Amino acid sequence: MEDGTRHLGLCVVDMKELSASPEGLSAAGVTLTTNVRQLEFSLACNDLVAPGRDGKPNALVQVAVIDPQKQHLVFHACTEIVEANKDPLFLTGVTFPSEYPDSPETIVKLTVCDARSKSQESSSFLGSATFSVGDLLRAKDEQLTLSLRSSDGVCAAGTVVVSRLKMEEMEEENIDHIATNTTLQKCPLVCESGHHSCIDREDSPQTGPVFKNPTCKVYRFQTMDSKWMFVREQMEECTLSFSIPKQLLLLYIQEDKSRVHDLQELGELSPHWDNLRKEVMTQYGGVISSYQETLAEMDNITGCSFKPSCCKAQKPLEFIPINLHTQRMRVTCPKKADAFYDIVTVGAPAAHFQGFKCGGLQRLLSRYESDKKSFSAAYQCIYYSPEHTAKAQEVLSTMGLLQPLITGSADQLLLAAHEHSSSGMRDALKSLSDKTEQFVHTLKDELVKSALLALHAARPGYVTKSQKQPLEQSHRQVNQGSEQNQNPVQGLPGHSPATPVTESPVVCNNVEGSAEEAGPAALKHQDSIPHHKEFDEEEWDRVWASVAKCLNCVIAMVDKLQEGGNSKQEPAPELQLADVITSHNPGDWKEQLCPLVSRLKDCVMEVVEKAKRAMTFVLLQEAACSTPQGFLLQQRRDVVFSQALAALACGFVMKLYAGLRDKNFLRQLHLVGLVAQFESLLSTYSEEIGMLEDMEVGISDLQKVVFTITEAKTDKLSELQPSVWGRRDHFTVEVPLPQVIFQTLPEEMKEGKPLRVYPVLFNVGINEQQTIAERFGDISLQERINQRNFELLEAYYKTLSEKVPLECLPCFQTRTNIKELLETLGQNVVTKKRKNVEILWTAGTICRRLNGIRFTSCKSAKDRTSMSVTLEQCALLRDEHQLSKDSFVQALDCMRREGCRIENVQKNIRCRKYAFNILQLMAFPKCYRPPEGTYGKVNS
């Protein structure tokens with residue numbers, strides 16, 4: 001199961017279309033499965049003998065495999081319980097996945113038991129039988145009738161009928177035959193599999209490097225017109241659970257190391273600022289060391305592709321999303337195209353290791369920002385608002401991105417000039433102009449200018465005007481200034497003219513005791529970073545403006561060189577070029593352009609160096625007045641974002657693979673982007689309110705993520721693993737596709753257009769803690785989250801409807817208009833109703849109608865999430881595929897008892913029980929309660 005050739009096919013495109021073209025699959029790096037005969041069979045018993053209850057046992061069959069080479073028994077599967085029936089027909093089939101031995105010599109042992117309770121915890125032995133795989137395959141009609149032997153091996157306890165199951169070959173008469181024999185039983189047909197081979201077994205390709213370890217369940221349900229539908233659940237793990245956090249940790253380490261280097265490059269600072277710089281660098285060093293240790297421990301973990309819920313508070317795994325899985329429901333109805341419904345399940349992104357004693361990120365960040373103003377006075381810094389700090393990070397990021405692009409375009413221009421290629425020069429010049437203008441626009445910001453002033457004031461030897469004047473004159477000037485002028489610091493970033501400035505005692509950056517010498521009056525009114533009269537405030541304007549002037553010179557020279565071939569171009573201004581152009585051979589375009597291009601590069605470099613130091617100084621002040629709380633909060637935010645991004649990347653890749661043949665989907669993807677709707681079932685009480693506060697910030701931070709599609713370097717599946725690059729203020733996830741698929745994409749996507757995702761979060765608590773919160777606590781956080789994200793969803797729909805015809809969206813049987821659904825959601829959001837789960841149902845429906853990505857979360861994505869996913873699947877069957885009313889509860893019970901979600905529970909806690917007790921369930925909405933015998937007290 002660990003082989004890398006196992007997983008791309010099912011999620012790439014429709015399998016029936018792919019299987020018709022094996023050459024295309026092979027070129028895409030996807031290999032078809034070998035036609036190995038998978039063993040699947042159904043079971044029935046006759047004439048069972050059991051004491052008590054009129055001889056009608058509650059029968060179940062346990063299935064085990066005996067490997068002929070290793071000669072040991074391996075438990076494999078168990079049927080459902082058929083109550084009070086001596087001739088039970090079991091509706092749970094058995095499938096052997098590919099890793100099980102399926103040679104003709106393999107022995108299968110069947111043990112029939114009489115269950116005393118629905119939990120199957122206590123049962124009495126009735127009889128057993130064995131057969132070999134070869135016996136079944138050689139039997140007439142591939143059916144065996146075996147005698148059951150009692151414990152003494154002598155007495156007959158009835159018979160068991162084993163019939164090989166071929167799902168694809170079942171005809172309507174077979175289905176009718178089954179129906180007539182199952183009228184008294186509770187579950188429709190369930191074919192259990194640990195491998196997706198039961199889906200299009202003969203021609204389905206295996207999937208690739210992103211999804212692995214599939215678990216498949218297959219059901220048949222009756223529709224309202226008395227026909228039958230196939231329903232297939234497939235749950236898979238995702239390798240991005242580990243690969244995305246690892247890549248993010250490397251980027252975090254790289255960014256923090258770069259920040260340390262930038263601080264060192266600030267040059268000489270006054271003792272006060274130098275000490276703050278050292279303290280900040282020490283904090284960065286601690287974070288880097290911690291992240292390196294975590295990364296090393298994660299690298300030592302092998303063979304695992306998801307984090308179980310029982311490990312959610314382990315520090316080495318804190319960046320890994322909890323219990324991340326994909327789940328796909330495929331519905332096959334007579335004379336209709338197959339329908340697919342995807343969902344991603346993941347534990348709420350939260351910092352479980354750090355705990356929630358003081359709340360989550362939303363509360364901690366709010367408190368931190370209010371406290372930071374007082375910290376800035378204590379550390380003698382200018383207070384920069386979060387917006388200005390984000391702007392400084394954006395300027396640094398944009399400069400780092402644009403500078404190499406400008407250099408590259410300039411080199412392309414020189415190459416085209418050397419080749420005398422007019423078209424090449426036009427293209428290179430356009431690119432150079434666009435990038436340079438964007439560069440200049442980024443730096444045309446007062447924050448850069450004021451930060452340069454603040455940095456100048458932090459240099460050694462800087463003293464204020466007041467120290468160059470007699471003390472009496474200083475007092476007089478300060479008093480006059482307080483009466484006539486506004487504090488000059490209010491003009492600096494972070495200060496509103498209406499907001500009083502925190503007074504600061506610093507008047508000299510490098511002379512100890514100078515504050516005392518200046519006198520109390522000077523202390524009272526002195527700026528924390530005063531203006532230096534010798535600082536040329538216009539210097540910065542001249543520096544960045546020179547970049548635009550140099551670009552104009554380059555444009556003019558290109559026009560001059562081409563003016564002979566294009567009479568429409570205006571002649572180059574002679575005065576503008578006179579200072580920079582010397583006499584060259586008029587036939588050599590490169591020689592005439594080279595000095596101008598070199599000067600442009602030099603100007604860009606000079607601007608980058610100045611702006612980089614200024615923005616680094618802004619971030620130094622922000623970091624200095626926030627240690628150590630700011631660094632702890634950043635670490636918490638990194639952890640939560642890592643979990644959220646891994647889940648988002650998983651959902652995006654799944655959605656992309658499923659829609660590669662859908663032109664309307666691809667059009668929507670590159671014109672607008674996709675909505676990613678996160679459904680949360682957390683309560684607003686106790687620790688879970690802290691988890692919700694973490695999750696809110698983590699999901700909101702996903703707005704700074706874009707996706708791009710790239711062409712894989714080779715057709716090897718190892719080259720198809722998504723990668724991440726960027727820094728904390730902006731990340732890009734690259735999703736490589738094989739060449740044969742990449743070439744079918746729209747040109748915009750092939751050219752690397754960033755693809756946006758619009759994350760929205762809706763939360764409704766459903767457990768007993770939410771009951772307490774609604775009656776005695778506070779649910780304002782939930783109300784605010786739902787209201788805000790409803791507005792975001794509404795804005796996305798407005799943008800989508802303006803750019804993409806609504807006819808391009810998926811077709812559904814329910815014809816309710818999306819606008820009407822949004823109105824219903826808006827009404828539910830503002831309605832004061834306890835546990836209003838209709839908010840979740842309506843939001844989920846809107847997401848699917850908008851072609852979005854669906855996520856469902858609770859604390860561990862195991863128990864409440866399982867109830868929600870199964871309910872949503874059954875609701876889709878009812879609303880879109882005419883699942884009969886009588887079958888709805890039946891289907892819901894079956895999915896929760898025998899489906900993929902109980903397998904998910906088993907994977908997480910090694911126990912097939914949902915972690916609920918009867919008192920808790922009394923507080924749950926009825927449709928979220930599991931069937932009897934499937935829940936109990938467990939260590940989750």
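Predicted model: local features only at pLDDT ≥ 70, side-chain atom pairs only at ≥ 80, totals over all residues.
Figure 1. An α-helix has 3.6 residues a turn, so residues three or four places apart point the same way. The side chains of Lys278 and Asp274 form a salt bridge, with an N to O distance of 3.6 Å. Lys278 is partly exposed, its relative accessible area being 49%, whereas Asp274 counts as buried at 18% relative accessibility.

**Figure 2. Close-up of the salt bridge between Asp262 and Lys612.** The two side chains meet at 3.5 Å, N to O. This pair links distant parts of the chain, 350 residues apart: Asp262 belongs to helix 6 (residues 240-264) and Lys612 to helix 17 (residues 589-624). With 8% relative accessibility, Asp262 counts as buried; Lys612, at 34%, counts as partly exposed.

**Figure 3. Close-up of the salt bridge between Arg912 and Glu903.** The closest N and O atoms of Arg912 and Glu903 are 3.0 Å apart. Arg912 is partly exposed, with a relative accessible area of 36%. Glu903 has a relative accessible area of 13% and is therefore buried, the limit being under 20%.

**Figure 4. Close-up of a salt-bridge network.** The network links Glu255, Asp256, Arg259, Asp638 and Arg728. The count for the model comes to 33 salt bridges.

**Figure 5. Close-up of helix 20 and the largest cavity.** Helix 20 covers residues 687-701; at 1.5 Å a residue, its 15 residues should span 21 Å, and the end C-alpha atoms are 22 Å apart, which agrees. The helix is mostly covered, with 13 of its 15 residues buried. The model holds nine cavities of 30 Å³ or more, and the largest cavity contains about 50 Å³ of space. Its lining consists of Glu696, Ile699, Ser700, Gln703, Pro759, Leu761, Arg788 and Asn789. Helix 20, strand 18 (755-763) and helix 24 (780-803) each give two or more residues to this lining; the largest share, three residues, comes from helix 20.

**Figure 6. Close-up of a nonpolar surface patch.** Leu401, Leu405 and Trp725 make up this patch of about 280 Å². Trp725 is placed in strand 16 (residues 723-727). At 39% relative accessibility, Trp725 counts as partly exposed.

Conventions: Residues numbered from 1 in each chain as written. Heavy atoms only, no water. Patch = residues over 30% accessible without salt bridge, like charges linked within 9 Å, V, L, I, M, F, W, Y side chains within 5 Å. Areas by Shrake-Rupley, 256 points an atom, 1.4 Å probe, with all protein chains shown as cover. Salt bridge = Lys/Arg side-chain N within 4 Å of Asp/Glu carboxyl O. Helix = DSSP H or I, 4+ residues; strand = E, 2+ residues; numbered from the N terminus. Buried < 20%, exposed > 50% of the residue type's maximum accessible area, 1.4 Å probe, protein only. Expected span 1.5 Å × (residues − 1). 1 Å grid on protein atoms, 1.4 Å probe; cavity = no way out; pocket = protein on both sides within 12 Å on 5 of 7 lines; lining within 4 Å. Points joined across faces, edges and corners; volume = space filled by probe spheres on them.
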